[in-house]
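The paragraphs below walk through one structure, chain by chain. Please keep the sequence and the 3D view at hand while reading.

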Amino acid sequence: MPDPLNILELENLEKTFDNGHRALVGLTLAVPAGSIFGFIGLNGAGKTTTIRIIAGLTAADSGTVKIGGRPLAGGDRDYLARVGFVLDEPLYFDWMSAREYLTWVGRMYGLPDAESDHRTAELLDFFDLPATDSRPIRHFSTGMKKKVSLAAAIIHKPELIILDEPLEGIDALAANAIKETLTLMASRGSSIFMTSHVLDTVECFCSEVAILHQGRLVLQCPTVEIRQRAGTVLKRENGGSLEELFVELVAGSKKRKPLSYV
Amino acid sequence: MVEWRVVQTELRYFFRDPFTAKWVPLTLFAAILGLWPYLGSVYIAIAAATFIGMEPQYVHFLHRWPGHFAGHAILPVSWDRIIRGKNLATILETVLVFGVVSILTLFVTPDRPSWTESTHAALYLAMTVPLLLITGNALAGHEARTGAGVEFGDAAAALQMMVAALVCSLPFVVLVYALQLMWAAVLFAVLAIFLWARVSIPHTARFVQQHTPVLCQTP
């Protein structure tokens, strides 16, 4: 039975690429509605593959994806109206200006023209993107591209926002603005599913965290329980941080040898 | 239903495509070919230049630039509407290019085409463009390139387009020139438009929907 409290459910997702690499091994997880969910793992752990499967850009070998309790079936594109994506590839229509792109995306999401224009203007202002800049997005800096990408993902006020490393390559002010926006959206009912390598940020910002290692889920818990879990795993009374827990879970006893010449 | 925002975007990209400059040599090609006395009609040269240059719009319309396909795949608009929009933009662009290349070519060629020749040119477009759209829709999901530019694959695709245009011109040659059955030619055009709108587009949309993950793997 679908759990109405979960906005996103993945059940037994399996994915093996043509080169034999097993990207996902029976991945099962549930993202509670209204949560800010941090999905972390090493490079190549399977995070991006998971997101691409949710977006329908990669096919899983087996398993199900449910959004709002409804399994995604082939041909169903309606769910895309309820989701906003910031994917690993920065932007797909980078020959447009930021204003053109946001207006266009808003309209493609079904917003009335006037509303799309209004939200575009507000988003450009909010993210400090020059409203009169007619340069194509491809000429923007990495941080600016990321901001445009995020603006496009939230212009239609989706129920679920899926972000692949949204804070990578952007300045502190923009990161702060993004976090504030996402927190506000979560407080108003949207759910955020994001990947990140910045574990301090995940620990402070997310309400729930999952650790993926070699395609397998090794931990999922609310971030308030992290200190206690870390303490148990590290066998320390005063607990530990998410970073310590993460290192312990994915690296285990395999500690790096220090560089001999340092 | 047509997704007019897709039509707008396609038209906008048509004018911003860095390879728009290709129309200069192609117009020159049409003008030089148009001077050839054995050609029959200057419109043959104009059509050849138009269809060669329009190959990306006919065949390569899902992957015009890296990420183009994925960009549409994550938006909640049906592939039927997207493909209809893209095809409609292609028709508008073909008419525009055919018109502009005609003006420039006719400016430098000494012979003036007759009224009948111009009517035949319009009928030729009405008969051939839907067939080329059907061909392009059938190939689009199978022959994806990374982007459209000036590499070897693009030249090969242009050659393939020329062959496709030649084959798609056969009904016009047979009905208008050989049999001189104008009514049959008009009927053929109507039938071709019907097939394109009611069979080709829904079929292509279903194919794209079923093969989205595969099509996304195109770099």
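Read from the N terminus, the order of its elements is α-α-α-α-α-α-α-α-α-α. The radius of gyration of chain B is 17 Å, close to the 17 Å that the globule rule gives for 219 residues, so chain B is as compact as a globular protein of that length. This is a predicted model, and each value given here is computed from it.

Along the principal axes, the C-alpha atoms of chain B fill a box of roughly 50 × 35 × 25 Å. Of the 219 residues in chain B, 41% count as buried. Among the contacts in chain B with a separation of 6 or more, 86% are between residues 24 or more positions apart.

One helix of chain B can be followed in detail. Helix 3 of chain B covers residues 42-53, which makes twelve residues. From its first C-alpha to its last, helix 3 of chain B reaches 17 Å, close to the 16 Å expected at 1.5 Å a residue. Is this helix mostly covered or mostly exposed? Helix 3 of chain B is mostly covered, with ten of its twelve residues buried. Among these buried residues are V42(B), Y43(B), I46(B), F51(B) and G53(B).

Chain A comes next, and its secondary structure comprises eight helices and ten strands. The radius of gyration of chain A is 19 Å, close to the 18 Å that the globule rule gives for 262 residues, so chain A is as compact as a globular protein of that length. Its C-alpha atoms fill a box of roughly 60 × 50 × 40 Å, again taken along the principal axes. Of the 262 residues of chain A, 44% count as buried. Within chain A, residues 24 or more positions apart account for 67% of the contacts with a separation of 6 or more.

Strands of a sheet pair through backbone hydrogen bonds, either parallel or antiparallel. In chain A, four strands form an open sheet in the order 2-1-4-5, and the pairing is antiparallel. Which strands lie at the edge? The edge strands are strand 2 (22-32) and strand 5 (70-71) of chain A, each of which pairs on one side only. Strand 5 of chain A pairs with strand 4 (residues 62-67) of chain A in the antiparallel sense, over two bridges. In strand 5 of chain A, P71(A) is the bridge partner of K66(A).

V148(A) belongs to helix 4 (residues 142-154) of chain A. Why does V148(A) count as buried? V148(A) is buried because 27 other C-beta atoms lie within 10 Å, and the cut-off for a buried residue is 20 or more. Although V148(A) and S97(A) are 51 residues apart in sequence, they are 9.8 Å apart in space, C-alpha to C-alpha.

Finally, the two chains touch each other. The contact takes 20 residues from chain A and 20 residues from chain B. On the side of chain A that touches chain B, the largest share is three residues, from helix 2 (residues 98-108) of chain A. By class, this side of chain A has twelve nonpolar, four polar and four charged residues.

Notes. Residues are numbered from 1 along each chain as its sequence is written. Chains are lettered from A and ligands numbered from 1 in the order in which they are written. This is a predicted model: local features need pLDDT of at least 70, side-chain atom pairs count only at pLDDT 80 or more; totals for chains, interfaces and linings use all residues. Two residues are in contact if their C-beta atoms, placed from the backbone, lie within 7 Å. Ala, Val, Leu, Ile, Met, Phe, Trp, Tyr, Cys and Pro count as nonpolar, Asp, Glu, Lys and Arg as charged, and the others, Gly among them, as polar. The radius of gyration is taken over C-alpha atoms; the globule rule is 2.2 Å times the number of residues to the power 0.38. Two strands pair if DSSP finds at least two bridges between them. The expected span of a helix is 1.5 Å times one less than its number of residues.
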